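Thanks for coming, everyone. I'll keep this short. Please look at the model on the screen.

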Amino acid sequence: SKDDLIKLSKSDAIGGHGHSHIPLASQQPAIIQSEIHNNLQRLKERTGKSVRSFSYPFGGKIAVNISLASYFARTDVVFALTMWRGENDLQNSF
């Protein structure tokens with residue numbers, strides 16, 4: 001319910017996941033921007049609070065690449081999650 005969303009958002013327990021649940025790394029820049037922006041905007045409209053986290057749909061190499069980080073530069077997102085298991089090591093991840 002809307003009340004549940006608001007309650008969860010107060011403890012930063014709501015995160016973005018893309019508007020259409022598509023693998024972002026395989027999309028054109030305009031689609032990536034739209035997917036992230038629309039998802040974060042809708043969540044903010046419903047909760048009254050900016051979203052600070054994001055989980056990439058599908059979470060693997062078709063969904064994530066290093067260039068995606070730049071799409072969050074003008075948002076309040078401070079971390080994003082993948083489904084890769086192991087150490088966070090940007091040099092060996094991409």
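First, a term: a cavity is a set of grid points where a 1.4 Å probe fits but cannot get out. Keep in mind that this is a predicted model. Searching the whole structure turns up 1 cavity of 30 Å³ or more. How much space lies in the largest cavity? About 50 Å³.

The largest cavity is lined by Ser9, Asp12 and Ile14, together with Lys49, Ser50, Val51, Arg52 and Ser53. By class, that lining splits into 2 nonpolar, 3 polar and 3 charged residues.

Let me step back to the whole chain. The protein chain has 94 residues, and 29% of them count as buried. Its secondary structure comes to 3 helices and 2 strands. What order do the elements run in, from the N terminus on? The order is α-α-β-β-α.

Next, contacts. Take those in the protein chain with a separation of 6 or more: 69% of them join residues 24 or more positions apart. As for surface, the chain exposes about 6,300 Å². Carbon and sulfur atoms supply 52% of that.

Now to threonine 47. You will find threonine 47 in helix H2, residues 29–47. Is threonine 47 buried or exposed? Threonine 47 counts as buried, because its relative accessibility is 11% and the limit is under 20%. Its side chain reaches the backbone oxygen of lysine 49 at 3.2 Å. Lysine 49 is one of the residues lining the largest cavity. Leaving aside residues up to four places away in sequence, threonine 47 touches Leu5, Ile6 and Ser9. Ser9 is also on the cavity lining.

On to the second largest pocket. Its volume is about 240 Å³. Which residues line the second largest pocket? They are Gln33, His37, Leu40, Gln41, Lys44, Ser50, Val51, Tyr71, Arg74, Thr75 and Asp76. The classes here are 3 nonpolar, 5 polar and 3 charged. Ser50 and Val51 line this pocket, and they line the largest cavity too.

Threonine 75 sits in the loop between E1 and E2. Threonine 75 is partly exposed, because its relative accessible area is 25%, and that class runs between 20% and 50%. Along the chain, threonine 75 and arginine 52 are 23 residues apart. Their C-alpha atoms are separated by 8.2 Å.

What does the side chain of threonine 75 reach? The backbone oxygen of phenylalanine 72, at 2.8 Å. A polar atom of that side chain also lies 3.1 Å from the backbone nitrogen of valine 77.

That takes us to valine 77. Valine 77 is in the loop between strand E1 (53–55) and strand E2 (79–81). Valine 77 is buried, since its relative accessible area is 12%. What does valine 77 touch, not counting residues up to four places away in sequence? Leu40, Val51, Arg52, Ser53, Phe54 and Phe72. Val51, Arg52 and Ser53 are also among the residues that line the largest cavity. Finally, valine 77 and glycine 15 are 62 residues apart in sequence. In space, C-alpha to C-alpha, the two are 8.7 Å apart.

That's it from me. Thank you.

Definitions and conventions. Residues are numbered from 1 along each chain as its sequence is written. This is a predicted model: local features need pLDDT of at least 70, side-chain atom pairs count only at pLDDT 80 or more; totals for chains, interfaces and linings use all residues. Side-chain values use heavy atoms; hydrogens and water are left out. Helices (H or I, at least four residues) and strands (E, at least two) are DSSP runs, numbered from the N terminus. Buried means under 20% relative accessible area, exposed over 50%, partly exposed in between (1.4 Å probe, protein chains only). Contact means heavy atoms within 4.5 Å. Accessible areas come from the Shrake-Rupley method with a 1.4 Å probe; for residues, only the protein chains shown count as cover. A polar contact is a pair of N or O atoms within 3.5 Å; within protein, one must be able to donate a hydrogen and the other to accept it, and residues adjacent in sequence count only if both atoms are side-chain atoms. On a 1 Å grid over the protein atoms alone, a cavity is a set of points where a 1.4 Å probe fits but cannot get out, and a pocket is an open set with protein on both sides within 12 Å along at least five of seven lines; lining residues have an atom within 4 Å of a point. Grid points are joined across faces, edges and corners, and a volume is the space filled by probe spheres set on the points. Ala, Val, Leu, Ile, Met, Phe, Trp, Tyr, Cys and Pro count as nonpolar, Asp, Glu, Lys and Arg as charged, and the others, Gly among them, as polar.
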